[in-house]
Amino acid sequence: QEAKKRSTKLVLTGHSLGGGIAEIVAAKLDVKALVWSAPGTRYSQAYFSGNDTGSVSEERMQRDTVVVVPDNDAVPRVDSQQSVVQRIQCFRKFHMPVNYFTGTAECHKIQKS
């Protein structure tokens, strides 16, 4: 709230579980978030929702948060994504395709995002 008073731009970021937490906090505080390879937040969104001010609604998740999801990364598919999803390709060195079954080990790394 202090950032809003000062007209400061605040964007929460995170990767993997940190990204999932950033999504929920962003929706709760009504700020923006840009996260990478975060697990889906449908269950968490339902847990933190309510009719009170600061509820984590699907509308807030879609309005305030973007999730970058590399292809073949299983972590973002743990639950349904409620935020805007930006898909990106994940390749090996020399632009070689990544195997679907080993993709999470290769594509979940922040360097691939």
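Which residues does Thr65 touch, not counting residues up to four places away in sequence? Thr65 touches Glu23, Ala26, Ala33, Arg60, Ser83 and Val84, where contact means heavy atoms within 4.5 Å.

## Model and confidence

This is a predicted model, in which local features need pLDDT of at least 70 and side-chain atom pairs count only at pLDDT 80 or more, while totals for chains, interfaces and linings use all residues. Residues are numbered from 1 along each chain as its sequence is written, and side-chain values use heavy atoms, with hydrogens and water left out.

The protein has a mean pLDDT (the predictor's confidence in each residue, from 0 to 100) of 82, and 84% of its residues reach 70 or more. Confidence is highest in strand E1 (residues 11-15), with a mean of 95, and lowest in helix H1 (residues 2-5), with a mean of 65. Where pLDDT is low, the predicted coordinates should not be read in detail. Helices (H or I, at least four residues) and strands (E, at least two) are DSSP runs, numbered from the N terminus.

## The sheet

An open sheet is formed by 4 strands in the order E1-E2-E3-E4, with parallel pairing; two strands pair if DSSP finds at least two bridges between them. E1 and strand E4 (84-88) stand at the edges with a single partner strand each, so one side of each is left without a neighbour in the sheet. Direction ignored, neighbouring strands of this sheet are turned by 15° against each other on average.

Strand E2 (residues 32-36) pairs with strand E3 (residues 65-70) in the parallel sense over 4 bridges. Along this pairing, Ala33 is opposite Thr65 in E3, and Trp36 is opposite Val68 in E3. E3 also pairs with E4, again in the parallel sense, over 5 bridges; here Val69 stands opposite Arg87 in E4.

## Helix H2 and the cover of E3

Helix H2 (residues 17-29) lies across E1, E2 and E3 and runs at about 155° to E1. Axes are lines fitted to C-alpha atoms, for helices over the stretch in contact, and angles run from 0 to 180 degrees between N-to-C directions.

E3 is mostly covered, with 5 of its 6 residues buried. Buried means under 20% relative accessible area, exposed over 50%, and partly exposed in between (1.4 Å probe, protein chains only). Thr65 belongs to strand E3 and counts as buried because its relative accessibility is 1%.
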